[in-house]
Amino acid sequence: IHEIIEESINRIRPKCIHSENCGGCSLQHIQYSYQSYIKERRVQETLYRIGKINFNVRTMITLKNNFGYRNRCYIPVRRISQTEICMGYYRLKSHIIENVSQCPVLDPRLEDILLKIKEDIANSTLTCDPDIPNKEVLRHVALRVGVNTDEILITLIVSKSGSLELTRLSKLWFKRWKVVVGVTANIQSERNNVLLGRSTYILSGRDYIVDNVKYLKTQIGNP
């Protein structure tokens, strides 16, 4: 955007300081009620464009709080220097990582540990790059939290298995945070846009969280 000539009545100031560049959120500058309307229209238009289906979409079920609701994230990591990494979401339509220091839509329980994980990885000897699949490289960090149980699972998406540094970090995190019930590694060694590989192994703890959905106790893995 070069210039806003006249602001829409539905335009607001985004809560996130990274919203202008970050590709993680594209509607944060719009009133939440109008965001819902836009999404309803997109569903309706897509049904007609692809299937020629005229369908009145029901009013979207909205959240009580449209921040802090994302209980899972996949974050690319790139090393900048020996003691510094870039960790965040991709900028829109690019592979440039927006180095985020906060994420208001992320569950606060994940945001609380994310910056410390970033610091630990920066001070490690790990090579980090989401675009290099043929070396021993950390590509992404995935986090998931149980909404009703607080349990957290950390998954490190790597190009190869067997890194002693991964094992060291996993033991550090597993010991530091009681809410972290497991740290796993997922192997993705292909140069493509598929985020996860087919193989996942446990570094510490277990490879799932337990969460309560209504009256059901459910085991949920990261991938």
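Ser101 is partly exposed, with a relative accessible area of 42%. The model is predicted. Ser101 sits in the loop between strand E3 (97-99) and H2. The protein chain has 223 residues, and 39% of them count as buried.

- Ser101 touches Ile17, His18 and Leu115, leaving out residues up to four places away in sequence.
- Met87 lies 14 residues from Ser101 along the chain, and their C-alpha atoms are 8.8 Å apart.

**Glu98 in strand E3**
- Glu98 belongs to strand E3.
- Is Glu98 buried or exposed? Glu98 has a relative accessible area of 8%, so it is buried.
- The Glu98 side chain makes a polar contact with the side chain of His18, at 3.3 Å.
- Beyond its neighbours within four places in sequence, Glu98 is in contact with His18, Asn21, Cys22, Met87, Gly88, Tyr89 and Arg91.

**Glu165 in helix H3**
- Glu165 is part of helix H3.
- Its relative accessibility is 14%, so Glu165 counts as buried.
- A polar atom of the Glu165 side chain lies 3.1 Å from the backbone nitrogen of Thr125.
- Glu165 touches Ser124, Thr125 and Leu126, with residues up to four places away in sequence not counted.

**The largest nonpolar core**
- In soluble globular proteins, nonpolar side chains tend to be buried together.
- The largest nonpolar core here has 37 residues, and those touching the most other members are Ile117, Ile121, Leu143, Ile154, Leu156 and Trp173.
- Two or more core residues come from each of strand E1 (72-81), strand E2 (84-90), helix H2 (108-122), strand E5 (137-145), strand E6 (152-158), helix H3 (164-176) and strand E7 (180-187).
- Which element gives the largest share of this core? H2 does, with 6 residues.
- Ile117 is in contact with Met87, Leu143, Ile154, Trp173 and Trp177, leaving aside its neighbours within four places in sequence.

**The largest pocket**
- The largest pocket has a volume of about 490 Å³.
- Its lining has 17 residues, and those nearest the pocket centre are Ile1, Arg11, Ser19, Glu20 and His29.
- The lining residues of this pocket divide into 8 nonpolar, 6 polar and 3 charged.

**Overall layout**
- The protein chain has 3 helices and 10 strands.
- From the N terminus, the elements run α-β-β-β-α-β-β-β-α-β-β-β-β.
- The C-alpha atoms fill a box of roughly 55 × 50 × 35 Å along the principal axes.
- How many of the contacts with a separation of 6 or more join residues 24 or more positions apart? Such residues account for 57% of these contacts in the protein chain.

Note on methods: Residues are numbered from 1 along each chain as its sequence is written. This is a predicted model: local features need pLDDT of at least 70, side-chain atom pairs count only at pLDDT 80 or more; totals for chains, interfaces and linings use all residues. Side-chain values use heavy atoms; hydrogens and water are left out. A nonpolar core is a set of buried Ala, Val, Leu, Ile, Met, Phe, Trp, Tyr and Cys residues joined through side-chain atoms within 4.5 Å. Buried means under 20% relative accessible area, exposed over 50%, partly exposed in between (1.4 Å probe, protein chains only). Helices (H or I, at least four residues) and strands (E, at least two) are DSSP runs, numbered from the N terminus. Contact means heavy atoms within 4.5 Å. A polar contact is a pair of N or O atoms within 3.5 Å; within protein, one must be able to donate a hydrogen and the other to accept it, and residues adjacent in sequence count only if both atoms are side-chain atoms. On a 1 Å grid over the protein atoms alone, a cavity is a set of points where a 1.4 Å probe fits but cannot get out, and a pocket is an open set with protein on both sides within 12 Å along at least five of seven lines; lining residues have an atom within 4 Å of a point. Grid points are joined across faces, edges and corners, and a volume is the space filled by probe spheres set on the points. Ala, Val, Leu, Ile, Met, Phe, Trp, Tyr, Cys and Pro count as nonpolar, Asp, Glu, Lys and Arg as charged, and the others, Gly among them, as polar.
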